[in-house]
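Hello,

Here is the structure we talked about. Please open it first, then read my notes below.

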Amino acid sequence: MSAEWTQSGAEILLRALKDQGVEVIFGYPGGAVLPIYDALFKQNAIRHVLVRQEGGAVHAAEGYARSTGKVGVVLVTSGPGATNAVTGLVDALMDSIPVVCLTGQVPTHLIGNDAFQEADTTGITRPATKHNYLVKRAEDLARVVHEAFYVARSGRPGPVVIDLPKDIVINPAPYAEPAVQHPSYRPRTEPDLGQIAKAVTLMKQAKRPMIYAGGGVINAGPAASEALTKLARITGFPITNTLMGLGCYPASDPQFLGMLGMHGTYEANLAMHGCDMLLAIGARFDDRVTGRLNAFSQHSQKIHIDIDGSSINKNVPVEVPIIADAGKALNALLAAWQASDEPTDKPALASWWRQIDEWRGKQSLKFTQDMQRGGIIKPQYAIQRLFEITRARGKEVFITTEVGQHQMWAAQHFHFEQPNHWMTSGGLGTMGYGLPAAMGVQIAHPDACVIDIAGEASILMNIQEMGTLAQYRLPVKVFILNNQYMGMVRQWQELLHGSRYSETYSAALPDFVKLADAFHATGMRAHSVDELDSVINAMLDCPTAVIADIAVDQAENCFPMIPSGAAHNEMLLGPEHEASGAGVTDAGMALV
Amino acid sequence: MVDVMPTTTDTTQRSATISVLVDNEAGILARVVGLFSGRGYNIDSLTVAPVDAGGLYSRMNIVTSGTSMVIEQIKAQIDRLVPVHRVADLTMDGPHVARELALVKVIGTGEQRVEAMRIADTFRARVVDTTLGSFVFELTGNTDKIDAFIELMRDLGLAEVSRSGIAALARGTRVI
């Protein structure tokens, strides 16, 4: 390679980013990355969005990535810049979000010297990333950048850190084009057709089939969601989504049983429990989904499609493992299903649907809203109205959330027809995720309606990003379900700890209307049910960022619920239903 | 390449010798070891060294234990690390040879010293250092043989042991 050494490392870095199709970087400057910021200043191809704290930058990149399918890019300085980014990196790792995070580092000759703003970034982020690099030689810089993007987006996507010592970005470096093939990392994407044939046989023989689809389908691109929809329609099988998978199957479809798991619907969980064939696609049998493992879907033969071999047989042994990209596997299943002349058991499927419809009849998400003037707003009702009003307006809507009760109510009562429109912190459960993620979504989709459904506790964890919204005139809507409690923790204290509400009441909350005002946004508030619609409409009409503070019922709990350590058929239904389910065992108490 | 084998919920523990071919780069050992500690797997022994002329690749040999589901999981977790080229469970893939080297220091005089030397002969251990009051034996073999030798030396003035951990290869023409 006859590479020339005419550009600085920082310029080579930006050239490599541009060649990777990067349009936006979310970042925060500092000493070690000054040369990169100087190079950014001198060009126009890549836009930089200045966040208010590095954690916000990673969540913004996640929101950008999840709503576009592209790799999100972050740039932070050494030491505290990098350590602040760690939560976001783990979040992206748990939820399989492609992010490349560039971190500054002290010059190579100072590494290990306890220099100012030095941290062992590759050491700290090793278990927080899919992979990380420390660039120690100028010759490696361009190659490492290209490799990082490849690693971040291929296979099971995830975050990749590139640690960049200051001398590496100052000194000249050669450019290199992206390599054709990575020497060791070549994840398998094509399904084994023998396994596909076995899967189709199980599916054809099924009397009580069930499809369980997760975020892997969304990561496989919109075509995978279409293939899934086709497969469900052609087979007539019932389907449920994980929290991460919402949107990969249209929620309005009659075959959709809603979300499953700890706060999933009665019909989805009982169908998981009762099925005799379970087709899992891009889902990882997480503890929030399975409940007690030794009682999980005991009578089913299981097919598991996942691009990550380590997700298969990790928690639940399966009969037919298929390591592949979800989209490619779904298309192969479709083709094999159509080519097979094995009969299906139609009467059995019909009777299975009758059983499911009976479970559906329980209406496990039911709640009662007092519609009288001054009536206290039920949080579920606030989300239902937000859904109905945004749907009626017809504009494209993206929803992000923080973490807690409001997140589960949003998952239950806001319905998604398409993938990539629902961004929530599923695996790590990061409070403070929603606002910066919404920021990243709005940057990618300037004309769309982006709403962060929040709780009053979570929102304060990254409230500083309201400043970013103001600086870039991003009209993100923050819809706070304000019950003055860390609601999910309070709910567990009520159900499991004798209603001893230890440290879950936030006294002295800020005045969110004034807070919005201070950040150049618009604040509004709904105290009672008669004010709700007008506040939602005003929020959606407002050209600026908005904080809508919705005072909701403080005592409301999120149901249905599978208590820790319980099985799918032991779920608790809400106060609207007769007493049901089992209590929490001592072993369950020990679980989170 | 085959898909992972269907695993049972068998709870019996077994030992496994896992060989891993990795890029010989900074941090790879920390990556693999961190994976074991972070996920709560056992490492009974670990060896690592470059194994090609150019120094591009290293081979790790890890002896671990767990249920077959856990061992499958360990393999899958290692396999998805970016700098990993190949992973093989030598214990499951067929017959293999595994050897380790031990240096054993025995301090003693008189009858004990003679007995130590006699046993060392039986085990085909070599004396690599000696003084009037001590020996350092070098012994190569499988783990059981070395354990047995050390056990016998315990009554004969065993002072210190240094073991390499195992190096392993599949028998016959198979390579990983």
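**Where the chains meet**

Six residue pairs are in polar contact between chain A and chain B, both residues at pLDDT 80 or more. A polar contact here is a pair of N or O atoms within 3.5 Å; within protein, one must be able to donate a hydrogen and the other to accept it, and residues adjacent in sequence count only if both atoms are side-chain atoms.

This is a predicted model: local features need pLDDT of at least 70, side-chain atom pairs count only at pLDDT 80 or more, and totals for chains, interfaces and linings use all residues. Residues are numbered from 1 along each chain as its sequence is written, chains are lettered from A and ligands numbered from 1 in the order written, and side-chain values use heavy atoms, without hydrogens or water.

There is one salt bridge between the two chains (a side-chain nitrogen of Lys or Arg within 4 Å of a carboxyl oxygen of Asp or Glu). D308(A) forms it with R80(B). Their closest N and O atoms are 2.6 Å apart.

On the side of chain A that touches chain B, β6 (131-134) and β14 (320-323) each supply at least two residues. Strands are DSSP runs of E, at least two residues, numbered from the N terminus. The largest share, three residues, comes from β14(A).

The contact (heavy atoms within 4.5 Å) takes 27 residues from chain A and 22 residues from chain B.

**A sheet in chain A**

Chain A also has an open sheet of six strands with parallel pairing. Its order is β16-β15-β17-β18-β20-β19. Strands pair if DSSP finds at least two bridges between them. The edge strands are β16 (422-423) and β19 (522-526).

Best wishes

Conventions:
Helix = DSSP H or I, 4+ residues; strand = E, 2+ residues; numbered from the N terminus.
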